[in-house]
Amino acid sequence: MSQCMSSLNPPKTLINPKISIKKPSFPSIFTFKTRPRFQKLTTISASVMPSQNQDHPPLSLDSLISSSRKDELFGSIKSSLSNCLSETNLHLTVPGLKSKTRGKVRDIYDSGDYLVLVTTDRQSAFDRILASIPFKGQVLNETSLWWFDKTRHITSNAVVSSPDKNVTIAKKCSVFPVEFVVRGYVTGSTDTSLWTVYKKGVRNYCGNVLPDGLVKSQKLPENILTPTTKAVDHDVPVTSDEIVKRGLMTQADYDEASRKALSLFEYGQHIALEHGLILVDTKYEFGKANDGSVVLIDEVHTPDSSRYWIANSYDERFQNGLEPENVDKEFLRLWFKDHCNPYEDEVLPDAPADLVCELAWRYIFLYETITKSKFEMPLMEEPIHDRISQNVARSLASLQ
């Protein structure tokens with residue numbers, strides 16, 4: 001039985017950001033160049049305006065850039081830059097843990113009957129580690145747990161318990177070596193993103209036939225599935241036929257997982273829109289449980305696995321050739337693309353501390369916006385690794 005997450009790509013370089021704090025100023029984050037104006041398209045609707053009422057004003061970028069909540073949290077974010085959870089070694093501190101697998105963001109431990117998944121603060125993009133982001137691991141873990149609970153009507157999942165803010169204990173399962181990437185819009189900046197391949201002339205991507213005339217940030221006629229295989233150093237786009245032909249999944253398992261992926265995405269878009277956000281794209285992973293059922297694993301609709309835009313301003317900005325107001329890690333990706341070749345350079349530059357702090361705030365902002373709950377800052381009196389070790393040890397003992 002393979003371990004959940006065991007096939008995740010190993011990082012090439014781990015970068016620790018230098019701690020040099022100045023008053024944050026983000027013109028490069030919030031100011032975007034306009035595209036040349038284009039003729040308004042009539043074949044595809046771009047409207048995503050959520051219904052609003054007087055008690056709940058539309059979500060706006062102002063609430064992200066400048067708010068009392070941001071002011072309240074920013075001091076804690078800054079002071080935690082040197083105290084991120086960048087690495088764990090629970091196999092040395094928790095009895096009964098047999099091995100460690102290091103993923104891009106998660107450290108996974110085999111406890112025999114279960115897997116212990118620790119979500120760290122590592123920031124991954126371009127198939128490598130860019131920085132460590134304060135509180136990111138807690139945000140991802142708690143966001144996923146919220147979505148796992150909300151999506152039980154669509155699919156079962158592997159979650160057993162969460163003994164710590166950064167930890168999920170899961171059932172063991174056989175992991176399918178395929179990532180189910182679902183997209184609702186034409187966008188992205190990485191080599192495998194839909195906009196990157198589309199502007200190069202590709203019109204059949206992962207088995208999806210795309211019409212001519214699409215422009216960046218445009219809503220697709222319908223959500224599409226663009227699966228990738230989890231290769232050693234880079235995710236590789238693949239078609240459903242290739243997945244089955246290569247023996248990565250049976251046709252029945254692929255059909256079930258793809259159906260669940262599209263249903264999860266549609267539901268996620270619905271919930272996001274109710275909360276003033278557009279769920280643009282995301283990725284899912286599935287495994288096969290001991291009873292033969294296909295279960296959801298890894299993470300769900302987190303700021304790491306998903307791209308979010310602010311819904312209220314999308315229509316106007318799209319029609320005026322402007323980039324959507326985004327609430328994701330794209331600005332950090334773009335900074336690295338502007339300052340290095342993140343795919344080929346052996347050593348990457350340090351991520352600026354002000355951008356790291358801004359991204360930490362964005363993770364928290366998205367958690368609170370999606371779940372409609374207040375993010376609880378962890379107590380810092382006890383070292384993070386010690387806290388996790390004790391909580392995991394107690395939880396595993398209770399599962400015996």
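## Helix packing and loop residues in a predicted model

Ser67 touches Asp62 and Trp361, leaving out residues up to four places away in sequence. This structure is a predicted model. Ser67 sits in the loop between helix 2 and helix 3. Is Ser67 buried or exposed? Its relative accessible area is 16%. Buried means under 20%, so Ser67 counts as buried.

### The whole protein

The protein has 11 helices and 17 strands. It contains 400 residues, and buried residues make up 57% of them. Take the contacts in the protein with a separation of 6 or more: residues 24 or more positions apart account for 71% of these.

### Helix 3 and its buried face

Helix 3 covers residues 68–79. Which of its residues are buried? They are Arg69, Lys70, Leu73, Phe74 and Ile77. Seen down the axis of helix 3, these buried residues fall within an arc of 125 degrees, so they line one face of the helix. An α-helix has 3.6 residues a turn, so residues three or four places apart point the same way. On the other side of helix 3, Ser68, Asp71 and Ser79 are exposed. The cover over the buried residues of helix 3 includes helix 2 (62–65) and helix 10.

### Helices that pack together

| Helix pair | Angle between axes | Distance between axes |
|---|---|---|
| Helix 4 (136–150) and helix 7 (251–274) | about 115 degrees | 12 Å |
| Helix 4 and helix 10 (353–371) | roughly 20 degrees | within 9 Å |
| Helix 9 (330–339) and helix 10 | roughly 155 degrees | within 10 Å |

Start with helix 4 and helix 7. Their axes pack at an angle of about 115 degrees. Helix 4 and helix 7 are therefore roughly perpendicular to each other. Helix 4 passes helix 7 in a right-handed crossing. Which residues meet? From helix 4 come Trp146, Trp147 and Lys150. From helix 7 come Tyr267, Gly268 and Ile271. By class, this contact of helix 4 with helix 7 has four nonpolar, one polar and one charged residues.

Now turn to helix 4 and helix 10. Their axes cross at roughly 20 degrees. Angles under 35 degrees count as roughly parallel, so helix 4 is roughly parallel to helix 10. Helix 4 passes helix 10 in a left-handed crossing. On the helix 4 side, the residues are Lys136, Val139, Leu140, Glu142, Thr143, Trp146 and Trp147. They meet Tyr363, Ile364, Tyr367, Ile370 and Thr371 in helix 10. By class, the contact of helix 4 with helix 10 has eight nonpolar, two polar and two charged residues. Trp146 and Trp147 of helix 4 meet helix 7, and they also meet helix 10.

Helix 10 has another partner, helix 9. The axes of helix 9 and helix 10 cross at roughly 155 degrees. That makes helix 9 roughly antiparallel to helix 10. Phe331, Leu332 and Trp335 in helix 9 meet Leu355, Glu358, Leu359 and Arg362 in helix 10. By class, the contact of helix 9 with helix 10 has five nonpolar, no polar and two charged residues.

### Two residues with positive phi

Most residues other than glycine have a negative phi. Ser217 has a positive value, near 75 degrees. Where is Ser217 found? It lies in the loop between strand 11 (208–209) and strand 12 (219–225). Ser217 is buried, with a relative accessible area of 0%.

Lys372 also has a positive phi, near 55 degrees. Lys372 lies in the loop between helix 10 and helix 11 (384–399). Is Lys372 buried or exposed? At 56% relative accessibility, Lys372 counts as exposed.

### Val167 and its contacts

Val167 is in strand 7, which covers residues 167–171. At 0% relative accessibility, Val167 counts as buried. What does Val167 contact, leaving aside its neighbours within four places in sequence? The list is Val116, Leu117, Val118, Asn141, Ser161, Ser162, Ile388 and Val392. Now compare chain and space. Val167 and Gly137 are 30 residues apart in sequence, and their C-alpha atoms are 8.8 Å apart in space.

How values were computed
Residues numbered from 1 in each chain as written. Predicted model: local features only at pLDDT ≥ 70, side-chain atom pairs only at ≥ 80, totals over all residues. Heavy atoms only, no water. Axes fitted to C-alpha atoms, helices over the stretch in contact; angles between N-to-C directions. Helix = DSSP H or I, 4+ residues; strand = E, 2+ residues; numbered from the N terminus. Parallel < 35°, antiparallel > 145°, perpendicular 65-115°, else oblique. Left-handed = near helix turned anticlockwise from the far one by under 90°. Contact = heavy atoms within 4.5 Å. Nonpolar A, V, L, I, M, F, W, Y, C, P; charged D, E, K, R; others polar. Buried < 20%, exposed > 50% of the residue type's maximum accessible area, 1.4 Å probe, protein only. Arc of directions from axis to C-beta.
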